[in-house]
Amino acid sequence: MQIFREKELLRSYLSNFHSRKNSIGFVPTMGALHQGHLSLVAASQKDNEVTVVSIFVNPTQFDNLNDLKKYPNTLEKDLHLLKKINCDAVFVPNAHEMYNNDISSEYFDFGGIENQMEGAFRKGHFDGVGTIVKRLFQLIEPSKAYFGEKDFQQLQIIKRLVEIEKLPIHVIGCPIHRETTGLAMSSRNQRLTAEQQEQAAFIYKTLALAKELFPEKTIPQINSIVKNEFEKHPTLSLEYFIIADETTLLSIETKKESRNPRAFIAAYLNSVRLIDNLSLYN
Ligand code: AMP
């Protein structure tokens, strides 16, 4: 497995694949890898001749300095995991390599989907995501790029990004990997004790409850049941629960507003922010 820390060296490695018109699969990550990430790598390996993973904790997508500082870093273990599954290349730049001395975001207009949910609660988040993913796409020029539905809004944003920037990249969404408790795998789970991870499975359980109630209850009724459940919970605090259309990501109040409704949650356990989502129609 090749490890690159510099853009130029990665470019020259990839130039052979580009000139032979080999398909290049790309999986961007922020490291602290788990089975969810590895499932994206496996999907890429299945579809492409070469797979590149990036590991970069992108400062411009964090609105909370403490969250950035505490973001888990397990690079040696990550490289070991990737090597074990025969990943071809890993790009591990530092902030200077990606931003020079100007750690700031480009402004993007994603047509409004950037203003809901994560965009509303994490100011500037999707400008940061757009900035780094655009730079990585321009550098690597992958044929296909793999993103998890765990960050469903981000996946939709990236689909818009390639349209706006007219990049010939096929963006592929991959299903959410969960612990046996239902808890969505996340690098941030590493900041929780085993007991807290058990508690955090409540997020998925509540999404599953919303799905179960969806055929019978109205959306306002489901919203208030979920709110209530969280109010009763001793350690988790709800930031938002929204039922939204998958494409517009606009919250809906009646079922006829969307054919593809999905429930989205963000919640805190102590200071760790967790997100999850679940389709309500299949
Ligand atoms: P991150 O390292 O958190 O930026 O995530 C890198 C990629 O892995 C993103 O496309 C995420 O959506 C995806 N991902 C993270 N957690 C999961 C999961 N539990 N299942 C599937 N994909 C995931």
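**Notebook: cavities, pockets and the ligand site**

Entry 1. I began with the lining of the second largest cavity, which by class has five nonpolar, two polar and two charged residues. I count Ala, Val, Leu, Ile, Met, Phe, Trp, Tyr, Cys and Pro as nonpolar, Asp, Glu, Lys and Arg as charged, and the others, Gly among them, as polar. The model is a predicted one, in which local features need pLDDT of at least 70 and side-chain atom pairs count only at pLDDT 80 or more, while totals for chains, interfaces and linings use all residues. Residues are numbered from 1 along each chain as its sequence is written, and side-chain values use heavy atoms, with hydrogens and water left out.

Entry 2. On a 1 Å grid over the protein atoms alone, a cavity is a set of points where a 1.4 Å probe fits but cannot get out; a pocket is an open set with protein on both sides within 12 Å along at least five of seven lines, and lining residues have an atom within 4 Å of a point. Grid points are joined across faces, edges and corners, and a volume is the space filled by probe spheres set on the points.

Entry 3. I returned to the second largest cavity, which holds about 50 Å³ of space. The residues that line this cavity are K150, L183, A184, S186, N189, I203, L274, I275 and D276. Strand 9 gives the most to this lining, with three residues. Helices (H or I, at least four residues) and strands (E, at least two) are DSSP runs, numbered from the N terminus.

Entry 4. I then looked up the largest cavity and found a volume of about 840 Å³. It is lined by 49 residues, of which M30, H37, K150, D151 and Q154 are the closest to its centre. Helix 7 provides the largest share of this lining, six residues. The lining divides into 24 nonpolar, 16 polar and nine charged residues.

Entry 5. I asked what takes up the largest cavity, and the ligand does. A molecule sits in a cavity or pocket if more than half of its atoms lie within 2 Å of its grid points.

Entry 6. For polar contacts (pairs of N or O atoms within 3.5 Å), I recorded an oxygen atom of the ligand 2.6 Å from an N or O atom in the side chain of D151. An oxygen atom of the ligand lies 2.9 Å from a polar backbone atom of M30, and a nitrogen atom of the ligand lies 2.8 Å from a polar backbone atom of H177. The ligand taken alone exposes 490 Å², and the protein buries 93% of that; the areas come from the Shrake-Rupley method with a 1.4 Å probe.

Entry 7. M30, I55, F56, V57 and N73 are the closest to its centre among its 17 lining residues. Its lining divides into 11 nonpolar, three polar and three charged residues.

Definitions and conventions. Polar contact = N/O pair within 3.5 Å; in protein donor to acceptor, adjacent residues only side chain to side chain.
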